Amino acid sequence: MNLGYRDVCLFLVLLFLIFAGCSAPEDRVVSGELRQEALEQLQSVLRSGQKWEKVHAAECLLDLGYSQGVTDIFREEETLSGTEYYYRIGIWRVLARAAASPAEKQKWVDSVSSVFSKPELPDHLHATESLAKLGISPYRVSPSIADSILNSSHNSLWLYVLWGKAYSGEEEMNQVKSKLLDIVCSKKETDTIRRLAAYALRNIKNINDEQWSALADAACNEPDSSRAYTYILSSAFVNTPADSLVSPLAVYCKEALLNELSNSGKPENYEALFALAEKGVDEDLPLLTSFVREETAAMYKNKEDIAVAASNAILRIDRRQKYTLHGIDWGVIVLYGIGMLLVGFYYSRKARNTEDYLLGGRTMRPFAVGLSLFATMVSSLSYLSYPGEMILNGPAFFIGMIIFPLIYYIVGWFLIPKFMEMKATSAYELLEKRLGLGVRMLATFFFLTLRFLWMATIIYATINTALVAIVDIPPSYAPYISVFLMLLTITYTSLGGFKAVVTTDVIQSIVLWSGAFLTIFVVSMHFNSLTAWLPDHYLEHWSPLRWGADVQQRTTIGNAMVMLLVWFICTNGSDQMAVQRYLSTKDLRAARHTFGISLIATFVVKIFLAVVGLAMIAYFTANPHFLDDGQSITGQADRLFPKFILIGLPVGISGLVASGIFAAAMSSLSSGLNSSSSVINEDILKRLTPRLVSANPLRQVKKISVLVGIIAILLSLVIGNVQGNLLDVVVKVVNLLVAPLFVLFFMAIFVPFATSKGTIIGGLASVAMAIVAAFWQFMGITVLWIMPSALFVGIVVGVIASLSEKLIRSLSH
């Protein structure tokens with residue numbers, strides 16, 4: 001039952017050999033041939049179509065992620081026709097949408113804006129429409145011109161300014177939606193204005209259920225002879241709530257649109273095809289295919305636009321295909337879960353007392369404990385967020401790991417010896433001995449809050465980022481799955497204690513490493529090369545690579561170095577999860593060895609995960625049809641890796657790597673449960689309420705683990721409200737109290753004149769700084785500087801408060 005490392009490796013190799021011959025799920029609805037045919041139709045119009053048809057094809061290709069060649073073609077168009085009225089607006093709009101950087105996009109937006117600022121120009125109307133389509137309010141360009149237009153008669157220009165005003169703010173967005181709906185339903189407005197209002201609502205989307213009902217009623221009552229008829233039908237169908245797609249109103253709108261497409265050659269049917277792009281299903285493909293193959297498109301004067309819209313609809317429906325795990329994958333995941341439970345049962349017979357349960361009897365091997373520390377710190381949050389960070393922001397964060405040797409020296413020679421000098425179960429005993437019970441209780445509160453938020457974020461990310469990408473589940477199921485994941489972790493953790501945690505962490509570390517390696521291997525096989533998929537240049541959407549530190553820049557190498565240095569020092573100098581592992585080793589040398597192994601493993605796996613991010617960029621750039629509908633590579637950066645696990649890996653391997661993600665989550669959750677239970681038992685119950693200590697302390701600690709898990713589940717339900725990519729969420733939520741907690745230890749260990757009151761004031765000041773920097777961007781501080789700024793403020797305030805207290809005491813005497 002007690003598996004050795006060789007047994008675990010052999011098990012993983014056997015799994016790979018068994019499943020490597022199986023293939024990943026294949027396309028089920030849109031064949032590769034039809035996909036290629038639709039794509040070639042768009043690219044053909046892009047290369048040789050008429051001017052505005054070329055613009056429409058380019059915008060569809062950009063929306064679908066097939067951006068290659070678009071920028072080059074339209075830069076050439078700008079050179080040839082950049083001064084041509086009307087068409088130049090379309091050129092600039094495409095170049096703005098294709099821009100790889102905010103600065104480049106702003107350049108082309110400014111070109112469009114300059115035309116809006118000059119109402120006398122003949123393409124002023126086109127510029128106003130393009131601002132709305134780019135999501136830019138005309139009030140940000142020229143409020144006086146926008147106001148004068150809105151105060152004039154109702155015409156196309158007036159409607160486009162009204163549409164653009166929606167992007168001025170949330171309040172304006174709601175007002176504009178209501179106004180547009182009133183126009184659509186009004187019989188006093190012309191068909192042209194009503195048509196454009198419906199078109200604007202189709203583009204804006206996200207109207208409420210009551211507004212949709214009114215819009216659908218208007219569609220049902222609109223005569224088919226009206227010029228607004230197709231546009232109102234399209235807008236009503238696109239805005240149909242997900243739970244109303246089978247309602248009579250929605251069915252009527254869909255059937256009326258299909259009837260228009262089947263029986264008429266009206267130019268307005270271009271709009272009907274865009275409605276099918278938004279909400280079409282597999283059954284619509286035969287009709288759409290006929291437009292692409294010109295069997296039906298030939299009856300239209302605007303046949304190029306019709307073919308473009310039909311091709312776009314086919315490729316959008318392709319994006320909405322559902323992929324699921326194979327039964328073999330589920331078998332692997334289930335077997336893995338059973339294995340974790342068996343480990344817990346095995347070690348439940350070994351734990352004879354609370355020291356065995358919480359510290360493994362202080363006889364744990366440094367190698368195993370080091371891997372356990374690594375698995376704890378590189379949780380599913382890291383597994384998911386690091387590839388996403390590389391995809392979205394580039395390598396700066398990972399280059400910052402060159403600071404690791406300095407981290408090893410500071411932690412190994414200045415912090416670990418302080419903890420090894422005391423033979424204790426809880427790190428916070430040191431605080432009480434030095435500064436009193438109040439500081440110890442504040443540290444306990446910081447730690448428990450930090451770990452509750454940490455576990456809650458792990459649950460949230462694992463379910464809402466990984467599981468949702470791998471398994472097609474309704475969002476309403478997420479809480480139930482969260483409960484199951486935590487109950488499984490609680491079970492094996494509460495049964496086996498620290499030895500079970502370390503053993504499962506070792507297994508999960510191997511699975512974690514293997515998952516990253518197998519992903520890179522499979523992508524290399526896909527490109528028939530180990531290196532061809534690596535970028536040969538610094539990608540344009542990444543922020544420029546800067547070495548310096550700058551509190552107002554999101555990502556520089558200096559920022560990453562400072563953040564990593566502060567995080568590792570603070571975590572290893574105050575976090576019970578780290579300190580607990582040092583105390584479980586036999587001596588100082590073993591404890592240093594433990595930290596060294598953890599640091600090396602962290603470095604290697606972060607590099608692996610960064611390369612995984614590069615692999616995901618290459619794979620999804622070559623296969624954009626696997627992206628979610630309406631999303632770009634950067635728009636779903638955090639979900640690309642779990643998405644690849646589902647659609648890119650061979651059957652069986654998908655289940656193994658999915659297990660790696662859940663393994664990383666459970667390893668961290670188990671460590672959080674064990675460490676939190678240790679702190680609650682040692683620092684609260686034993687210290688403050690000894691009469692509540694059970695006659696059977698081991699059973700009591702297990703019950704505490706269950707309570708901690710329940711609290712973490714409840715907190716996970718609110719984490720989704722935090723803004724930013726997954727790494728930002730981790731820093732803002734999980735690491736919010738890392739620096740404040742270490743401030744207390746810094747004062748106790750390194751400030752000989754520190755006082756209890758001064759230390760508490762410093763800790764609270766650090767918390768305040770972390771909160772205002774994280775959620776209000778105080779003084780423009782960016783996410784990687786939240787911890788360093790909180791640490792600096794806490795230490796400075798703590799030192800000043802302690803000196804002030806000492807001075808006041810000396811003066812009073």
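This is a predicted model: local features need pLDDT of at least 70, side-chain atom pairs count only at pLDDT 80 or more; totals for chains, interfaces and linings use all residues.
Which residues in α27 meet Val738, Ala739 and Phe742 in α34? They are Trp567, Ile569, Cys570 and Thr571.

## The whole chain

First, a look at the protein overall. It contains 36 helices and zero strands. The chain has 813 residues, and 60% of them count as buried. Among contacts with a separation of 6 or more, 78% are between residues 24 or more positions apart. The accessible surface comes to about 32600 Å², and carbon and sulfur atoms account for 60% of that area.

## Two partners of α34

Back to the opening pair. Helix α27 covers residues 557-572 and helix α34 covers residues 738-750; their axes come within 8 Å and cross at roughly 55°. An angle between 35 and 65 degrees is neither roughly parallel nor roughly perpendicular, so α27 is oblique to α34. The crossing of α27 past α34 is left-handed. As for the residues of this contact, six are nonpolar, one is polar and none is charged.

Helix α34 also packs with α23, residues 404-420, at an angle of about 80° and with the axes 12 Å apart. Because angles of 65 to 115 degrees count as roughly perpendicular, α23 and α34 are described that way. On the α23 side the contact involves Phe414, Leu415, Lys418 and Phe419, while α34 contributes Phe742, Phe745, Ile749 and Phe750. Seven of the residues in this contact are nonpolar, none is polar and one is charged.

## Covered places

How many of the residues of α33 are buried? The helix spans residues 726-734, and nine of its nine residues are buried, leaving α33 mostly covered. Among them are Asp728 and Lys732, along with Leu726, Leu727 and several valines such as Val729 and Val730.

Is Ser802 buried or exposed? Ser802 sits in helix α36, residues 786-812. Its relative accessibility is 0%, so Ser802 counts as buried. Setting aside residues up to four places away in sequence, Ser802 touches Met747, Phe753, Ala754, Thr755, Gly758 and Thr759.

Leu545 is placed in the loop between α26 (478-526) and α27. Its C-alpha atom is 8.4 Å from that of Gly394, although the two residues are 151 residues apart along the chain. Beyond its neighbours within four places in sequence, Leu545 is in contact with Pro395, Ala396, Ile399, Tyr538 and Ile557.

Tyr86 lies between α4 (70-81) and α5 (87-98), whereas Gln777 lies between α35 (756-776) and α36.

| Residue | Relative accessible area | Class |
|---|---|---|
| Leu545 | 40% | partly exposed |
| Tyr86 | 37% | partly exposed |
| Gln777 | 42% | partly exposed |

Why does Gln777 count as partly exposed? Partly exposed means a relative accessible area between the buried limit of 20% and the exposed limit of 50%, and Gln777 is at 42%.

Methods: Residues are numbered from 1 along each chain as its sequence is written. Side-chain values use heavy atoms; hydrogens and water are left out. Helices (H or I, at least four residues) and strands (E, at least two) are DSSP runs, numbered from the N terminus. Buried means under 20% relative accessible area, exposed over 50%, partly exposed in between (1.4 Å probe, protein chains only). Contact means heavy atoms within 4.5 Å. Accessible areas come from the Shrake-Rupley method with a 1.4 Å probe; for residues, only the protein chains shown count as cover. Axes are lines fitted to C-alpha atoms, for helices over the stretch in contact, and angles run from 0 to 180 degrees between N-to-C directions. Angles under 35 degrees count as roughly parallel, over 145 as roughly antiparallel, 65 to 115 as roughly perpendicular and the rest as oblique. A crossing is left-handed if the near helix is turned anticlockwise from the far one by less than a right angle, and right-handed if clockwise. Ala, Val, Leu, Ile, Met, Phe, Trp, Tyr, Cys and Pro count as nonpolar, Asp, Glu, Lys and Arg as charged, and the others, Gly among them, as polar.
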